[in-house]
Amino acid sequence: MPSLPLIAHTVLIGIGATALMDVWLLVLARLGVPTAGFAMVGRWVGHIARGRFAHAAIAKAPPLPFERGLGWLTHYLVGIAYAALLIAALGLDWLAQPTVLPALVFGLATVAAPWLVMQPAMGAGFLALKTPTPLKNCLRNLANHAVFGAGLYLAAAALAASH
């Protein structure tokens, strides 16, 4: 069983990386670049809990109470889960002395989840192919997940430096 300090480090790394991604998304939104709405993520997760996984268009699915909050909670829990997977894959040595390349590669690899699961289930198709600008959307997804990967490294490095 993982120790309490390891769990705390994992949670902090996941929150830190996700928060950096959110700052990135906020900057993009201020620049007029369309970004993801976490209310739709919450709507999707809420409908999964009610037995419906896939939608033709999640925006047309019935709204759910607290969907925005559920979306944000899901977003951060997924970030923490990804941090746990990264640490499990790279081990405690990486946690003690983090390096940027594995975190960045891992962050980029996490784009598979929206491309292959979330977007198709929400009606956007694999690799956002059912959207008006699939290539642009995929490139934005890659950039967002690269920022998340950088956040994994930065949060881990900050924690390692504090010890």
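## Basis

Local features need pLDDT of at least 70 in this predicted model, side-chain atom pairs count only at pLDDT 80 or more, and totals for chains, interfaces and linings use all residues. Residues are numbered from 1 along each chain as its sequence is written, and side-chain values use heavy atoms, with hydrogens and water left out.

## Fold

The protein chain has six helices and zero strands. Helices (H or I, at least four residues) and strands (E, at least two) are DSSP runs, numbered from the N terminus. In sequence order the pattern is α-α-α-α-α-α. The radius of gyration (over C-alpha atoms) is 16 Å, close to the 15 Å of the globule rule for 163 residues, so the chain is as compact as a globular protein of that length. That rule is 2.2 Å times the number of residues to the power 0.38.

The C-alpha atoms fill a box of roughly 50 × 30 × 25 Å along the principal axes.

## Surface

The accessible surface is about 9100 Å², by the Shrake-Rupley method with a 1.4 Å probe. Carbon and sulfur atoms hold 75% of that surface.

## A nonpolar patch

Ile48, Phe53, Leu116, Val117, Phe126, Leu127 and Leu129 make a nonpolar surface patch of about 640 Å². Nonpolar side chains (Val, Leu, Ile, Met, Phe, Trp, Tyr) are joined within 5 Å, like charges within 9 Å.

Leu127 lies in the loop between helix H5 (112-121) and helix H6 (134-161).

Conventions:
Patches are made of residues with over 30% relative accessible area and no salt bridge: like charges are joined within 9 Å, nonpolar side chains (Val, Leu, Ile, Met, Phe, Trp, Tyr) within 5 Å. A salt bridge is a side-chain nitrogen of Lys or Arg within 4 Å of a carboxyl oxygen of Asp or Glu.
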